[in-house]
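Hi everyone, thanks for making time.

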Amino acid sequence: MLKEAEVVVLGAGVAGLVLARRLLERGLRVLVVAEALGEASRPPVALVNPLRGKRFTLAEEGERALEAALLFYGRFVPLHLGVFRPVPEADRAKVAGRLSGLKHRWEGEGVLLEEAFWLEPRPLLARLAEGLPFLWGRVLAWEPPHLVLEGGGRVRGEVMVYAGGGRGAHLLGLGGRLIPGLVLTLWDYFPRALSYRVYLAGAALGGSYLPGEEGYRLLPPTEGEVEWLLQGAEALVGYRPRVASLWRGVRFRLPGPHLFPVEGGFALTGLGSTGFLYAPLLAKRLAERL
């Protein structure tokens, strides 16, 4: 079996699907090759917020990436606008100096990022996948211009794009970090996201990341992880939300850049927890290039 396309995208997470959708809209023959839809891109909630971490670091090109994400995702699913970030008094001058390009307002003990948002990834991925051609299977080798599949099949692409995460990084010899994360789903509901150390958004509590692993493994959650998340939530809202279930995923992180040439085409990968923020902007640039 040999299948062909102008652009073969390996990976059906948010980066691969956003890219494939942009390519299809530009009239290119695209084929998405993947084992499953989403994998690490299927947490209960994705927070799209360019002001990162306890140090309030503004993500590189954060304003531009947020604008692209708003325009793109808003075509497919509802976006829940507004992320409130408590800011310690000692950090306020520093944070204020980083917000000039973001729509925001100060409220009480922190700042509301008015155009940062959260969304539900699973409906988004399903909508992005509609009408895209897929080939489901496990890829054993990246041999440009071919992908070699388990069972002996081959896929040929005029351009090949690796948009997978950590499970397939060995195909290109990529040596990034594999970082297990945990999200708790809740009986409680938070329509406006809160973010400091952990985040509460919709029916989800997230922000837990174990140290990077050597290999790809879905580790069971630890009591310490769950307790850390619940303590963080209690610090934000004054009580511990009720836990309904949990989601575990493994994110793949490269130091950057996250869009770069490889043999046979390009790689769009290694975004870690910023995948939903950067995917529309980087996919747009690559689609224009192709």
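Let me start with a question: how do the residues of the lining of the second largest pocket divide into nonpolar, polar and charged? They divide into six nonpolar, one polar and two charged. For those classes, Ala, Val, Leu, Ile, Met, Phe, Trp, Tyr, Cys and Pro count as nonpolar, Asp, Glu, Lys and Arg as charged, and the others, Gly among them, as polar.

Before going further, some ground rules. This is a predicted model, where local features need pLDDT of at least 70 and side-chain atom pairs count only at pLDDT 80 or more, while totals for chains, interfaces and linings use all residues. Residues are numbered from 1 along each chain as its sequence is written, and side-chain values use heavy atoms, with hydrogens and water left out.

Back to that pocket. The second largest pocket holds about 160 Å³ of space, and its lining is Phe84, Pro86, Glu109, Leu194, Tyr196, Arg197, Gly232, Ala235 and Leu236. At least two lining residues each come from β6 (80-86), β13 and α5 (223-237), and α5 gives the most, with three residues. Those labels are DSSP runs numbered from the N terminus: helices are H or I with at least four residues, strands are E with at least two.

How do we find such spaces? Rolling a probe the size of a water molecule over the atoms shows where empty space is left. In detail, on a 1 Å grid over the protein atoms alone, a cavity is a set of points where a 1.4 Å probe fits but cannot get out, a pocket is an open set with protein on both sides within 12 Å along at least five of seven lines, and lining residues have an atom within 4 Å of a point. Grid points are joined across faces, edges and corners, and a volume is the space filled by probe spheres set on the points.

So what about cavities? The structure holds one cavity of 30 Å³ or more, and the volume of the largest cavity is about 60 Å³. Around the largest cavity you'll find Gly181, Leu182, Val183, Tyr199, Gly207, Ser208, Tyr209, Trp247, Gly249 and Arg251. Two or more of these residues come from each of β13, β14 (198-209) and β15 (243-253), with β14 giving the largest share, four residues. By class, the lining of the largest cavity has five nonpolar, four polar and one charged residues.

Next, the helices. Please find α1 (residues 14-25), which packs against α6 (residues 275-289) at an angle of about 35 degrees, with the axes 9 Å apart. Axes here are lines fitted to C-alpha atoms, for helices over the stretch in contact, and angles run from 0 to 180 degrees between N-to-C directions. On the α1 side, the contact (heavy atoms within 4.5 Å) includes Val14, Ala15 and Val18, and on the α6 side Phe276, Ala279 and Ala283 are among the residues involved. By class, this contact has 11 nonpolar, one polar and two charged residues.

Helix α1 has another partner, α4 (residues 121-129): their axes come within 9 Å and cross at roughly 35 degrees, and this crossing is left-handed. Val14, Leu17, Val18 and Arg21 of α1 meet Leu125, Arg127, Leu128 and Ala129 of α4.

Now for some loops. Phenylalanine 56, between β4 (51-52) and β5 (57-58), has a positive phi of about 55 degrees although it is not a glycine. Is phenylalanine 56 buried or exposed? At 0% relative accessibility, phenylalanine 56 counts as buried, where buried means under 20% relative accessible area, exposed over 50%, and partly exposed in between, with a 1.4 Å probe and protein chains only. Glutamate 61 also has a positive phi, near 55 degrees, but glutamate 61 counts as partly exposed at 28%.

Finally, two cis peptide bonds to look up. One runs from proline 144 to proline 145, with omega near 5 degrees. Another joins glycine 256 and proline 257, with omega about 0 degrees, and proline 257 sits in the loop between β15 and β16 (259-262).

Conventions:
A crossing is left-handed if the near helix is turned anticlockwise from the far one by less than a right angle, and right-handed if clockwise.
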